[in-house]
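Open the model in your viewer and keep the selection tool at hand. The stops below go one at a time, each with something to select and a short note on what is there.

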Amino acid sequence: MARLRVVIVGAGVVGASIARVLSRFENLDVVIVEKEPDVGWGVSKANTSIIHPCHEEDPEKYPLRARLCLEGNKLWREWVRELSIPARWPGEVIVYHTEEEEVEVRKYLRLAEANGVPGVRLLGREELRELEPNVNPEAVGGLYAPTAGLISPFEAVIAIVENAVENGVRLLTETRVERVVVKDGRVAGVETDRGFIAADIVVNAAGLYADRVSHTAGVEEWFRIRPRRGQYLLFDEDYPLKPQRVLHTVPTPKTKGVYAITTVHGNLMVGPTAEDLPEEAREEVSTTREGVELLLDEASKLLRERPDPKRVIRFFAGLRPEPPDGNWLIKAYAEPWGFVNVAGIRSPGLTAAPAIANYVLELLAREYSLDLVEKRNWRPFRQDITRVRGRSLQELDELIRKNPDYGEIVCYCKFVSKAEVAEAVERMRRIGVKTVTLDGLKFRVYVGFGKCQGSFCRTRVAKIVSELTGVEVKDVVVKYSSLGVGDVKAAWRGEV
Ligand SMILES: Cc1cc2nc3c(=O)[nH]c(=O)nc-3n(C[C@H](O)[C@H](O)[C@H](O)COP(=O)(O)OP(=O)(O)OC[C@H]3O[C@@H](n4cnc5c(N)ncnc54)[C@H](O)[C@@H]3O)c2cc1C
């Protein structure tokens, strides 16, 4: 049977989901090429983590977005179960304070109907307070959408890639695609900073850089991505102000509003802002005083009290890959044959990712007349890492008897054992991560995620990494830097 070689550029939630869906077929040989040391370090890492109900998508203006959002919301329920991804389904409320806001909110009631979003309804003041005891008592009402969910976005990418790799996909990290190579009107492969990779089909899921990748294939010169920054405040897990629902302010033409949520890891999170940045500012994730103040003001409209900035444990920002007209660019080209754009995937891209993946599969089958053969032994399931937190003493005892490293706690904020770190390192190697980073471990086992943000565990975890990988403790990498001092970015690039 002739096998088709597929290169997917980018291991974000979109590229990973496409890889998982394509891994179901025997006659596809799939490679994901990712420039970063690990998966999910792009847009997919820093977002609001909501699986949207999709009553904010206008089906006339953005028909594909509206359809795939709704399908994605349904598919995630299956995917989080199959792949053991942390998720909750609390529903969401748009909170309003004035008559003008109520008029605006009613628009989403109509969109809910047009999109077929189930259960969306208006709430009066009393019902709103019953549904959400933490809501600002001055709020007049809300629009409730019961199908909203929350997931752990970075663990979602990790889980999807682990499952895809188990089903035969290969991952190449620290490999940047420089250009798509076209010969005689067809893609021939991609030129990377590590050499040429031959391919029959190239799927461009490069997030903030997808326009540039597309231009190297000679298509969509007009299409340019602009970064739109979203800043966030993440509060201490012990801070008791924890909304039970996803709350947000009334959407604007630019954004879905500011949200106050309790993340799946149990922290109050407030954000995002919406700031258009120049085209070249695609790594500009700094936070600002104005951003922080705006978020605190907006959160006060949602919550029973103004969140205390002293309880913030992390300020961070993400960048939305804004397409020129707000529309996602998902297209399989006849010229060059084999080139597929999945570009400009701004919100609700996280929600839609599994549905985008199915849509890309349909496109490939239709546009390139692929005769796909399903694997008989495809595995839909992936187990999570064995964790000690939340277990009974008896369960802990059993674990420790099997492996004493479960009894060695390295992070007290999140209660993480040495055995979990070791399992995460092992899993990173299994999917093809070449450099074990402290960031990669944070996203897998939460070391450095708690109140102390790693000041207690960082060197302890680095020592374990050193033991397991042979890398010296001072050379263990935290994103783009080693634990040593100096020009850490340059050190990462090998310039010093
Ligand atoms: C502030 C904010 C809030 C959001 N909130 C939500 C939300 O609550 N719900 C929701 O549904 N959506 C939300 N989104 C949108 C969602 O996060 C994105 O749509 C989604 O993560 C996009 O995924 P992606 O895989 O396309 O991009 P990415 O995650 O950026 O993946 C692209 C990958 O390609 C890699 N790459 C780039 N160039 C190259 C190259 N040349 N060679 C090799 N690799 C390359 C990158 O390193 C990256 O890992 C939000 C986005 C932001 C920024």
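Select arginine 77 and tryptophan 89: the arginine lies over the face of the tryptophan, 3.9 Å from the ring centre. Bear in mind throughout that this is a predicted model.

Next, select lysine 442 and phenylalanine 449. Here lysine 442 lies over the ring face of phenylalanine 449, and the distance to the ring centre is 5.3 Å.

How many aromatic pairs does the count come to? The count comes to 10 aromatic pairs. One to display is phenylalanine 235 with tyrosine 239, a stacked pair with 5.5 Å from centre to centre and 20° between the planes. Are these two residues buried or exposed? Phenylalanine 235 is buried, at a relative accessible area of 0%. Tyrosine 239 also counts as buried, because its relative accessibility is 5% and the cut-off for buried is under 20%.

Now move to tryptophan 337 and tyrosine 368. Their ring centres are 4.4 Å apart and their planes meet at 45°, so this pair is tilted. To see which parts of the chain the pair links, colour strand β21 (residues 337-343), which holds tryptophan 337, and then the loop between α8 (349-367) and α9 (393-402), where tyrosine 368 sits. These are distant parts of the chain, and the two residues are 31 residues apart. Tyrosine 368 counts as buried, with 5% relative accessibility.

Zoom out and colour by domain. The domain assignment gives domain 1 as 1-87 + 152-224 + 323-384, domain 2 as 92-146 + 226-319, and domain 3 as 393-492. Hide domain 2 for the next stop and look at domain 1 with domain 3. Taken over C-alpha atoms, the centres of domain 1 and domain 3 are separated by 29 Å.

What is there between domain 1 and domain 3? Select the contacting residues: 22 in domain 1 are in contact with 19 in domain 3. Between them the two domains bury about 1600 Å², with 55% of that area on carbon and sulfur atoms. Two salt bridges are counted between domain 1 and domain 3.

For the last stop, select arginine 444 and aspartate 38. Arginine 444 forms a salt bridge with aspartate 38, and their closest N and O atoms are 2.8 Å apart.

Terms used
Residues are numbered from 1 along each chain as its sequence is written. This is a predicted model: local features need pLDDT of at least 70, side-chain atom pairs count only at pLDDT 80 or more; totals for chains, interfaces and linings use all residues. Side-chain values use heavy atoms; hydrogens and water are left out. Rings of Phe, Tyr and Trp (its six-membered ring) pair if their centres lie within 6.5 Å; planes under 30 degrees apart count as stacked, over 60 as edge-to-face and the rest as tilted. Buried means under 20% relative accessible area, exposed over 50%, partly exposed in between (1.4 Å probe, protein chains only). Helices (H or I, at least four residues) and strands (E, at least two) are DSSP runs, numbered from the N terminus. A charge sits over a ring if NZ of Lys or CZ of Arg is within 6 Å of the ring centre and within 35 degrees of the ring normal. Domain bounds come from an automatic or database domain assignment. Contact means heavy atoms within 4.5 Å. Buried area is the accessible area (1.4 Å probe) that two parts lose on being put together, summed over both. A salt bridge is a side-chain nitrogen of Lys or Arg within 4 Å of a carboxyl oxygen of Asp or Glu.
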